[in-house]
Amino acid sequence: MTNIIAKNIKRRGLLLVLSSPSGAGKSTLSKLLLAKDQNISLSVSMTTRIPRSSEVDGVDYNFVSKDEFEHLVKQDGFLEHAKVFDHYYGTPAAPVKKAMDEGRDVLFDIDWQGTQQLSQKVANDLVRVFILPPSKDELERRLKNRAQDSDDVVARRMAKANGEISHWAEYDYIIVNDDLDKAEGELFSILQAERLKRERQTGLVSFVHEITGEE
Ligand code: 5GP
């Protein structure tokens, strides 16, 4: 019954941000959440980095040249953008605005710099989740197992992990990704609870009037 009510009441879309050091399981958790819930879609970032073998242009990222990226920066076309690991990454503003106007939720896989920029621009609609690995050794093991990046890249990502982790306290929720099923359940619970927040359910006033029969 609760679900039926939640579906019928008009609500504002929310922006769910996931950040973590590389290798903490953020991409896997994003994919699981997107597969499980049809009402949230991924904000496909633009990047100047080279695609990995498993990545599809337009699905994982929009892969662009530095010139194309800078052109959109000049046009003020990004909601946020940052330099991460020597490459540029940014969130194109137009698709996010469209989703929010339609009352749909958007998932962001972005770093702490982008999260800070979004916090300035869209604070009320933002839900920030930070994913921590269970240990440093496990983080390194996962980065190596990914086998998509060279040893040099893995070493640089490990070296940067502490910098990313140092921003954990700027987030609303922290998930320690020790067990993927558990972490997925926790992430889904956060999304469900945030959707039910009173201020996001913009249709509540008329709904309650219908129940009570009073204006
Ligand atoms: P990767 O190269 O492993 O896909 O991503 C490297 C880092 O850049 C990750 O922490 C990821 O969350 C972050 N990132 C990806 N897209 C964006 C974006 O649009 N904006 C910002 N600020 N960071 C991003």
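Me: How many bridges join strand β3 to β6, and do they run parallel or antiparallel?

Reply: This is a predicted model, and the reply rests on its coordinates. In β6, Gly90 is the bridge partner of Met46, and Tyr89 is the bridge partner of Thr47. Strand β3, residues 45–47, and β6 run antiparallel, and the number of bridges that join them is 2.

Me: In what order do the 4 strands of the open sheet with mixed pairing stand, and which strands are at its edges?

Reply: The pairing in this open sheet of 4 strands is mixed, and the order is β4-β3-β6-β5. A strand at an edge has a single partner strand, so one side of it is left without a neighbour in the sheet. Neighbouring strands here are turned by 25° against each other on average, with direction ignored. The edge strands are β4 (61–63) and β5.

Me: Which residue in the turn of the hairpin formed by β5 and β6 has a positive phi?

Reply: Strands β5 and β6 run antiparallel and are joined by 6 bridges, with Phe78 standing opposite Pro92 in β6. The hairpin that they form has 2 residues between the strands. The residue in that turn with a positive phi, of about 50°, is Phe85.

Me: Which helix lies across β3, β5 and β6?

Reply: The helix in question runs at about 140° to β5 and comprises residues 66–74. Helix α4 (residues 93–101) also packs on the sheet, touching β5 and β6, and its direction makes about 30° with that of β6. The helix that lies across β3, β5 and β6 is α3.

Me: In the open sheet of 5 strands, what is the order, and which strands stand at the edges?

Reply: The pairing in this sheet is parallel, and the order of its strands is β2-β7-β1-β8-β9. Each edge strand has a single partner, so one of its sides is left without a neighbour in the sheet. The twist averages 25° from one strand to the next. The strands at the edges are β2 (40–42) and β9 (173–176).

Me: Which helix packs on the sheet by touching β1, β2, β7 and β8?

Reply: Within that sheet, β1 pairs with strand β7 (residues 105–109) in the parallel sense over 4 bridges, and Leu16 stands opposite Leu107 in β7. The helix that touches β1, β2, β7 and β8 has a direction that makes about 165° with that of β7, and this helix is α2.

Me: Which element supplies the largest share of the lining of the largest pocket?

Reply: The largest pocket holds about 1200 Å³ of space and is lined by 46 residues, of which Lys26, Ser27, Arg52, Tyr61 and Asp109 lie nearest its centre. By class, its lining has 16 nonpolar, 15 polar and 15 charged residues. Several elements each supply at least two residues, among them β5, β6 and α7 (151–165). The largest share, 6 residues, comes from α2.

Me: How many residues apart in sequence are the parts that the pair Arg12 and Asp125 ties together?

Reply: Arg12 forms a salt bridge with Asp125, with the closest N and O atoms 2.9 Å apart. Arg12 lies in the loop between α1 (2–8) and β1 (15–19), whereas Asp125 lies in the loop between α5 and β8 (126–132), so the pair ties together parts whose separation in sequence is 113 residues.

Technical notes
Residues are numbered from 1 along each chain as its sequence is written. This is a predicted model: local features need pLDDT of at least 70, side-chain atom pairs count only at pLDDT 80 or more; totals for chains, interfaces and linings use all residues. Side-chain values use heavy atoms; hydrogens and water are left out. On a 1 Å grid over the protein atoms alone, a cavity is a set of points where a 1.4 Å probe fits but cannot get out, and a pocket is an open set with protein on both sides within 12 Å along at least five of seven lines; lining residues have an atom within 4 Å of a point. Grid points are joined across faces, edges and corners, and a volume is the space filled by probe spheres set on the points. Ala, Val, Leu, Ile, Met, Phe, Trp, Tyr, Cys and Pro count as nonpolar, Asp, Glu, Lys and Arg as charged, and the others, Gly among them, as polar. Two strands pair if DSSP finds at least two bridges between them. Axes are lines fitted to C-alpha atoms, for helices over the stretch in contact, and angles run from 0 to 180 degrees between N-to-C directions. Contact means heavy atoms within 4.5 Å. A salt bridge is a side-chain nitrogen of Lys or Arg within 4 Å of a carboxyl oxygen of Asp or Glu.
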